[in-house]
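I opened this entry to write down what I looked up in one chain, residue by residue. The sequence and the structure are placed first, and my notes follow.

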Amino acid sequence: MNLLLLDESDYIAPGLVRIAGRRHRQLLEVIKAEPGKFCKAGMLNGLTGTAELLEIGADAATLRPDLTVPPPEPSPVTLIAALPRPKTFQKVLHAAVTMGVKEFWFIACWKVDKSYWSSPNLETASLDETCRLALEQAGDTVMPRIEFRNRFKPFVEDELSGILAGRPAYAGHPAATEPIPVGIRGPAALVIGPEGGFTGYEIDLLARHGVTPVTLGRRTLRTEVAVPALLATLTAQPR
């Protein structure tokens, strides 16, 4: 926990918060914080700063937050990904949230198993927990938008152009020959297929709607590796 993520409901009085559960256990058992110590803190969807630990007991801790600093800049990339298998989904979501992605679209395609759509990892409580842990890791506070679409063709034909809104879009594709751009300027979209890749029909349909197939090289990567690698390449900062 690199940042103590607070909710408005944590306030017990003006300038005072009380936390329990996982966050309290982290302070007590992992950080071993003591009264008078400060930790990094932030308000969900708000400012960041520090919080002074005033009191910590077996069940709860009381802190005084001082939040005046904006959260880190968000990533300019919208991520559109074929829904991965449940365990991979959590890894992908966590990695991308830590990298600042604020808009996700998880979609169906031919090689997405229908059983993935019934995974408990897609339920609101699980999404919230995964995102909170990722925000704490990254020192961020702003929750992402996460959408699911379980029909490929209607998504591409009816919604994709509105999502892109004139922005460049790139699809990581094993058979592509064009290299992925390094260090884009401005907003863009990244489209990731299943581990077996999009079918020829799917990649052609994406291309007809403004998505350029690109590659990182000849190696085929797992989704949880490809996503951060492609995001890092697209958003690389010049030295």
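Is L216 buried, partly exposed or exposed? I found L216 partly exposed, because its relative accessible area is 42%, where buried means under 20%, exposed over 50% and partly exposed in between (1.4 Å probe, protein chains only). Before going on I noted that this is a predicted model, in which local features need pLDDT of at least 70 and side-chain atom pairs count only at pLDDT 80 or more, while totals for chains, interfaces and linings use all residues. Residues are numbered from 1 along each chain as its sequence is written, and side-chain values use heavy atoms, with hydrogens and water left out.

I placed L216 in the loop between β12 (211–214) and α6 (223–234), with helices (H or I, at least four residues) and strands (E, at least two) taken as DSSP runs numbered from the N terminus. Together with L221 and V225, L216 makes a nonpolar surface patch of about 230 Å². For such patches I kept to residues with over 30% relative accessible area and no salt bridge, like charges being joined within 9 Å and nonpolar side chains (Val, Leu, Ile, Met, Phe, Trp, Tyr) within 5 Å. The accessible areas come from the Shrake-Rupley method with a 1.4 Å probe, and for residues only the protein chains shown count as cover.

**Entry on S126 and N121**

I next looked up S126, which sits in helix α3 (residues 124–138) and counts as buried at 15% relative accessibility. A polar atom of the S126 side chain lies 3.5 Å from the backbone oxygen of N121; a polar contact is a pair of N or O atoms within 3.5 Å, where within protein one must be able to donate a hydrogen and the other to accept it, and residues adjacent in sequence count only if both atoms are side-chain atoms. Residues up to four places away in sequence aside, S126 touches Q90, P120 and N121, contact meaning heavy atoms within 4.5 Å.

N121 itself belongs to the loop between β8 (103–107) and α3, and at 16% relative accessibility N121 is also buried. I saw that the N121 side chain reaches the backbone oxygen of P86 at 3.1 Å. Beyond four places in sequence, the contacts of N121 include P86, K87, F89 and Q90.

**Entry on strand β3**

In a regular strand the side chains alternate between the two faces of the sheet. Strand β2 (residues 11–13) runs antiparallel to β3 and is joined to it by 2 bridges, two strands being paired if DSSP finds at least two bridges between them. Across this pairing A13 stands opposite L16, and in the hairpin, which has 2 residues between the strands, G15 takes a positive phi near 80 degrees. I counted 4 bridges from β3 to strand β6 (residues 60–69), again antiparallel, with R18 opposite T62 in β6.

**Entry on F104**

F104 is found in strand β8 and is buried, with a relative accessible area of 0%. Among the residues in contact with F104 beyond four places in sequence I listed L79, L93, P144 and I146.

**Entry on salt bridges**

How many salt bridges does the structure hold? I noted 10, a salt bridge being a side-chain nitrogen of Lys or Arg within 4 Å of a carboxyl oxygen of Asp or Glu.

R23 forms one with D10, the closest N and O atoms being 2.8 Å apart. This pair links R23 in helix α1 (residues 21–31) to D10 in the loop between β1 (4–6) and β2, 13 residues apart, and both residues are buried.

R22 and E136 meet in another, at 2.9 Å from N to O. R22 lies in helix α1 and E136 in helix α3, so the pair ties together parts that are 114 residues apart in sequence. I noted R22 as partly exposed at 30%, whereas E136 is buried at 2% relative accessibility.

R149 forms a salt bridge with E159, with 2.7 Å between the closest N and O atoms. R149 is in strand β9 (residues 145–149) and E159 in helix α4 (residues 152–164), 10 residues apart. Salt bridges that share partners join E103, R145, E147, R149 and E159 into one network.
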